[in-house]
There are 2 protein chains.
Amino acid sequence: MIGGRRPLQGRKAGDRRVRVERPYAAFFRYAGPGRLVAREAASVPRTPAGRALARARAVLFGRPLSIHEEIDERLPKKKALAIFSSDPISSSAYATEEILRVLVLAGTGALLLSLPIAAAIALLLAVVSTSYRQIGHAYPSGGGAYAVARANLPRLSALVAAGALLVDYIMTVAVSTASAVEQITSAVPELFDVRIGVGIAAIVLITLGNLRGIRESGNIFAVPTYLFVGSALLMIGLGVFRIVVLGEHAAAPSPLPGAPDPLQPVGLLLIIRAFASGSVALTGTEAIANGVPAFKPPESRNAATTLTAVAILLAVLFIGITFVANAFGLVAVDEPVKRTVISQVAAVVYGDGSIGFYLFQAFTALILFLAANTSYNAFPRLAAILARDGYMPRQFSFRGDRLAFTLGIVILSAVAIGLLVVFRGDTHALIPLYSVGVFVSFTISQGGMVVHWLRERSAGWGWRMAINGFGCALTAVVAVVVTIAKAPESLLVAVVIPLLVLMMLFIHRQYAASAAKLAVDPQATIPAPRREERVVVPVPGINRAVIQAVNVGRSIARDVVAVLISDEPEEAARIRHQWERQLPDVPLVVVESPYRALVGPLLAYLEVLDQAWPPDKEAPITFVVIPEYVARSWWERLLYNQSAKRLRTALLGRQHTVVVGVPYRRDDVEGVEPVSRPAA
Amino acid sequence: MIGGRRPLQGRKAGDRRVRVERPYAAFFRYAGPGRLVAREAASVPRTPAGRALARARAVLFGRPLSIHEEIDERLPKKKALAIFSSDPISSSAYATEEILRVLVLAGTGALLLSLPIAAAIALLLAVVSTSYRQIGHAYPSGGGAYAVARANLPRLSALVAAGALLVDYIMTVAVSTASAVEQITSAVPELFDVRIGVGIAAIVLITLGNLRGIRESGNIFAVPTYLFVGSALLMIGLGVFRIVVLGEHAAAPSPLPGAPDPLQPVGLLLIIRAFASGSVALTGTEAIANGVPAFKPPESRNAATTLTAVAILLAVLFIGITFVANAFGLVAVDEPVKRTVISQVAAVVYGDGSIGFYLFQAFTALILFLAANTSYNAFPRLAAILARDGYMPRQFSFRGDRLAFTLGIVILSAVAIGLLVVFRGDTHALIPLYSVGVFVSFTISQGGMVVHWLRERSAGWGWRMAINGFGCALTAVVAVVVTIAKAPESLLVAVVIPLLVLMMLFIHRQYAASAAKLAVDPQATIPAPRREERVVVPVPGINRAVIQAVNVGRSIARDVVAVLISDEPEEAARIRHQWERQLPDVPLVVVESPYRALVGPLLAYLEVLDQAWPPDKEAPITFVVIPEYVARSWWERLLYNQSAKRLRTALLGRQHTVVVGVPYRRDDVEGVEPVSRPAA
């Protein structure tokens, strides 16, 4: 039985020729009384145009995936390392440079400080990643900082975390893409002038890849990550060998014009600022904990192992690159075209212009693009969680054909492209916007974990809480330091996050208010309505579309009246004459409209009908039936339905009024059966 | 009785407290059984926002006018002269210059030929205006060339005339505005760089004026026309006095650099080209004959008198300005900024920089703006006639509140502004596009009149036909001459007019095909349908909006089924449990959608219902009832109705399916009565 208590009409008609024995079998699996499970065929478009579109989409984005296939989309550790590590590891491509850009202001002598600063940041990384391992275990369903804060902290903290994460994910795309393009232009300076175009093209490609779904992302992206890690480790190894064993080092770099004396003492403030700049190395650490559900079971354990591996790799790369850059006295070059520090390290170690150099630059650019890709898993997922919780518009939780949260992906790309254009593709200009949000979300998530352990008090809760508490305190300090040290750019984020929180609160209030207003007493049994219905059909004359509409009206209720609004009394009289002959059962009211208006007189007529209803009787529901042409092209939309559109708009939301659109096509008045064939 | 045969419910309820004795009296006048005449109140918006909008519109555009008031909008001769004469008379502001611009190519000696050429054009004007007097008499309902051709010539000629007229009206706006701005910049050269902005601002102002309606147009525009005519006649008189009586004249103008020797003989070709250029003086002559219905009765006679007066005035101004310009040896100056010939005449006669000069320039600019305004009467009227004949989209015949054909006015302005921008506001560059269409429509309308007299053979048909025949032949020759002499620019119009004709034929075929397909045998009596109905309500859960939709469904038919499409089986089970307790009469079908799709499974379910229907029985009509949130702001449109929109789009045009949108508001589920108050 389909349809709950009622037998489906086709099934009792077993003695007649029924097309399909179980008509639902092609589309549905029967799962009990009134319960069907849709098969893939149920989602196949019904029209030739729709099917063509779906085929095109399948070529571009792959075939649709069922929820039961999603488990197959989960990532083994090696693949997950490739996908999630690209974000944290790739920050080694620009973190060293950010430290050096600050220190160089104090003269070339200060550059040597980069190594202890990098070491300090690596320590911070150790604390944060240890802290995050515990989050992955405690909250295996993903959502990261937001999920932890929602479970343990006041709502506002959770929303601040959500806002910070949304900003982060966007900044990850913008910064990583900008840096990737800078790696490319460091190797091929001719592309410098079209760098923004290259960046946009890359984001568009990544977007298309992600609209195809997560499985392809893994396959496409696994190899280059390992290539980057391998070649970067080789580069560091070769560099260290040349420095330590061969004793090579750079001549003391010549002081930059306008830079302070190289022997000038370096202030604490500058060291703090360099630390704040370099802390961008930690961005992406949270990605793995947030992405636990994408791991193969056992999810949390696999994620934790991956996280530790990634943290160690990142620390080695970051310190190694800083060490080699230091030894060779490298700083970022901005003129005539920008050359990144890591590209200079590669030039020194592999030889400028060598195949090794170009390959390394290509691998670096690739892993940075992969890092951008990380956000395409995280951002739409978080937006969907927020949408399910009522903090984002509901359409963020609609899934596209490929289990991808289409809308989130598209918005992420659009904002990132906008940032790329506004900041002219300059990584260094974008980074101040990046770190603040990262450390805010670190702080909140670990603060949430402290509360979690306090409540939970499971085995080892004491030292677990201590770890998270220490991480929380440390990252809170860093968040404040970064915000102050990177002002004024960092303040932009400090404004955007509260704005996002306000927006989410506003949306939530809207949905909550709707739900409250629409709520029904759950104990009440709701009776069938007892009221009369009447049908009003505005007609321009007599044709098959009108007759179809009138007949739909007669299907709805017995009280059907047709209304002809006309500014030509003679024409109206002619139509009335014909009407009374052809549709004698349906009364026609002619409303002469000397003001030539159509909508006003109809509304007035409906109002008159309502007024005539005695106030102590329940007002009847008025169905206004409007024939609507089914346009097949843009010019048909211009030629038809203009009046129908105006009527529908005017009637929307009128009390006790329901608009019924009866579709018709020119070639065949279908939708409802044709009533009468034309005479000729 | 309202509502035809059926007594209105309120009237039989005389023993109860009925709010209004005759409820329709506020909105309608009772005009017989089933016949109402709408009062102005019937068009008044019902909502506070709508009323506020209507008030704002009334301030900007004036209050709405009834069809019965239109007669009061008609123009007495003096006002009609002001409105319709501005188009033909204003061409004297640039026609002389167009002749001189051609002749100066043959050297300054050739400039003297401008006077006989102007005289020849004045003769042509006499022939055309005599011919057009007869059109005004024979076709007093307006429409001009199109109306005459439609009545007498094959359809294609009528459409060519219509296309030519549409182009003309647009060019009138563009050329007149461009020339008006040039008159302003001739007096205030500082404005030259912002001339396009000035032109656009002028067109926008004219558009607003015309959206107010015709009466205001007359009042605003009557005075300046007479000011221009008066001051131009004074200028010519003073100039002729100084030339003839005082014997003043210019030193022979110095030959322009690169110009041929002044004594070189002037070729016939150049004379013909100068004639073709100057024939732009005739533009606008047809406006009066086309505008006959706007005259006070006796319309045709008043129009004819006005036409003759205008033709004489134009001839005097054109020849006079050419004579004075000649005597003082004036030619158009383009460097450093453009100075028009007529502004130089004014500078010589009134004194450069004198108050008289500035006033005359202001009057000239004003009458040119009035000329642009002429098209705002003619273009929308013609578009509306074409729309009623099925050659333009129907919305061109919708009337705005002020009897103005809003859409036509807006399109006219948009295209004219586009031309102004593309041609950088240069009158001389625009004029080649102008004359061709004018003479094509002259030729067709007079050709139509020849056929008219042949058919009619009323008193004096012989000499009347001779006049029109001579006019037709003459203007045909001029049309060909202008097209060749003004090539290649003129060929653009020769392409646009056929394109317009093709578009009109295409639109007509669409509407005709629709009408034929939708036609009903006029003898057939149409019976009430005998078929079953069923109602499907897609529901997301239970709330008041859903209950309201279900109850509307129960009002429509007895076979109502609710369909819940869900990707969360536990949630679905919970809803089913609640549903069976609260709405025990309405079966609920749960469709699990592992692909997370919403639309596909619903369509599949509808298909299953259809397949179950035995093929030898008439398929039932399926009403799909969708709750639709009535959004009050742009962000509500983002937050609500996304699913409803997707369902509606997918269901549009499905066979035997009618979508019923049940509106609800958050604050109060109205539209249909609330069923149950929320518990809390």
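On the surface, A:Val188, A:Leu191, A:Val194 and A:Tyr358 make up a nonpolar patch with about 300 Å² of accessible area together. Patch residues have over 30% relative accessible area and no salt bridge, with like charges joined within 9 Å and nonpolar side chains (Val, Leu, Ile, Met, Phe, Trp, Tyr) within 5 Å; areas are Shrake-Rupley values with a 1.4 Å probe, and for residues only the protein chains shown count as cover.

This is a predicted model, where local features need pLDDT of at least 70 and side-chain atom pairs pLDDT 80 or more, while totals for chains, interfaces and linings use all residues. Residues are numbered from 1 along each chain, chains are lettered from A and ligands numbered from 1 as written, and side-chain values use heavy atoms without hydrogens or water.

Chain A averages a pLDDT of 79, pLDDT being the predictor's confidence in each residue, from 0 to 100.

Now the salt bridges: a side-chain nitrogen of Lys or Arg within 4 Å of a carboxyl oxygen of Asp or Glu. In one, A:Arg150 pairs with A:Asp389, closest N and O atoms 2.1 Å apart. They are 239 residues apart.

Are B:Lys486 and B:Glu98, our next pair, buried or exposed? B:Lys486 is buried at 9% relative accessibility, and B:Glu98 is buried at 2%. Buried means under 20%, exposed over 50%, partly exposed in between (1.4 Å probe, protein chains only). Their closest N and O atoms are 4.0 Å apart.

Lastly, B:Arg554 and B:Asp585 form a salt bridge at 3.7 Å, N to O. B:Arg554 is buried at 16%, whereas B:Asp585 is exposed at 52%.

Methods
Helix = DSSP H or I, 4+ residues; strand = E, 2+ residues; numbered from the N terminus.
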